[in-house]
Amino acid sequence: MRTPIAYFLVLAAMLFSIGTVGVLVNRNALRIFMSVELQLNAVNLTFVAFARMHNDLTGQVLAFFSMVVAAAEVVVGLAIIVSIYRRRRSVDVDDVREMRW
Amino acid sequence: MPLDNVVFWVFAPIAIGAAVAMLVMRNVVHAALFLVLNFGCIAVMYLLLDAPFLFAVQIIVYAGAIMVLFLFVIMLLGVDRSDVRTERLFLQRPLAIVLGAAFFIEIGMAVRAGIGFATKAPDGFEALQPVGNAQAVADVLFRQYFFPFEVTSILLIVAAIAAMVLAQRRVRSVTQAELDDATAAADAEVTA
């Protein structure tokens, strides 16, 4: 493998930053959720890149665990979004202010 | 130019372009489809990093299951209404972009200080997995990480039950008086 590991890390950093911007800019809960998925994937890419760099399979196993947790998180998060939509006919996070003072 | 370098420089711009397109698309369905493209490119990166098992898992779990769930919920909630694009916070969008760029530069400097841009992966990764990547990952997973693996199964069951409880419609229990009224009304309709 001739591609330097840092290239993958920089790519992951860029994807994570784009995801961060998406979380900060959007108000649609679904879009925010998709940006969070992008961030999770960037972190997984970092895990796998470091696994290759250190010749250690632990990074790949951790990325696998992270995918499992992400799947569970998506299921619960989308269920919450659906139930919020049922209650107030909107997925705009600015409209959900019961837990704000 | 080595082959894996070519593959990287083809798929890395596609991944970044798809991520940016996900942000700027007005239609949520289009944004979700660009996210699928981005996940596919990340799967190719896993292949470059000698992780074919995670390549398959990424495509099956992320591009398959998770994004289908996303698209299903988007369709369920309706996509015809376009998002409100006016800013409610002063300078929210420019500040977010500046902060994201600063974050990227910070990580880039950390990578440069940490491992440098020229460090190549050492040889001998294949020696770790004599019978293949999936078997080697399974070996680590079921020996060193067996207990966390079992805990994730509990997590998945709890998540599935939680999703069903959260998303179900509340069924109001009917009192006997309402039931009698309904039967009476139905009887009156039949006789009339």
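The largest nonpolar core has 75 residues, and Ala12(A), Leu15(A), Val48(A) and Ala49(A) touch the most other members. Such a core is a set of buried Ala, Val, Leu, Ile, Met, Phe, Trp, Tyr and Cys residues joined through C-beta atoms within 7 Å. This is a predicted model: local features need pLDDT of at least 70, side-chain atom pairs count only at pLDDT 80 or more, and totals for chains, interfaces and linings use all residues. Residues are numbered from 1 along each chain as its sequence is written, while chains are lettered from A and ligands numbered from 1 in the order in which they are written.

- Helices (H or I, at least four residues) and strands (E, at least two) are DSSP runs, numbered from the N terminus.
- α2(A) supplies the largest share of the core, 15 residues.
- Ala49(A) touches Ile5(A), Phe8(A), Leu9(A), Ala12(A) and Leu49(B), not counting residues up to four places away in sequence.
- Two residues are in contact if their C-beta atoms, placed from the backbone, lie within 7 Å.

**Asn44(A)**

- Asn44(A) sits in helix α2 of chain A.
- Asn44(A) counts as buried, with 27 C-beta neighbours inside 10 Å.
- The cut-offs are these: buried means 20 or more other C-beta atoms within 10 Å of a residue's own, exposed means 12 or fewer, and partly exposed lies in between; C-beta atoms are placed from the backbone.
- Leaving aside neighbours within four places in sequence, Asn44(A) is in contact with Ala63(A), Ser66(A) and Met67(A).
- Asn44(A) and Met67(A) are 23 residues apart in sequence, yet 8.0 Å apart in space, C-alpha to C-alpha.

**Where the chains meet**

- Chain A puts 58 residues into the contact, and chain B puts in 76.
- On the side of chain A that touches chain B, α1 (5–25), α2 and α3 (58–88) each supply at least two residues.
- α3(A) gives the most to that side, with 21 residues.
- That side of chain A divides into 43 nonpolar, ten polar and five charged residues.
- Ala, Val, Leu, Ile, Met, Phe, Trp, Tyr, Cys and Pro count as nonpolar, Asp, Glu, Lys and Arg as charged, and the others, Gly among them, as polar.

**Helix pairs across the chains**

- The axes of α2(A) and α2(B) come within 11 Å and cross at roughly 5°.
- That makes α2(A) roughly parallel to α2(B).
- This contact has 13 nonpolar, two polar and two charged residues.
- The axes of α2 (residues 29–53) of chain A and α3 (residues 52–77) of chain B come within 12 Å and cross at roughly 175°.
- α2(A) and α3(B) are therefore roughly antiparallel.
- Their contact includes Leu30(A) and Val48(A) on one helix, and Tyr62(B) and Phe70(B) on the other.
- Axes are lines fitted to C-alpha atoms, for helices over the stretch in contact, and angles run from 0 to 180 degrees between N-to-C directions.
- Angles under 35 degrees count as roughly parallel, over 145 as roughly antiparallel, 65 to 115 as roughly perpendicular and the rest as oblique.

**Chain B overall**

- Chain B has seven helices and zero strands.
- The C-alpha atoms of chain B fill a box of roughly 90 × 50 × 25 Å, taken along the principal axes.
- Of the 192 residues of chain B, 21% count as buried.
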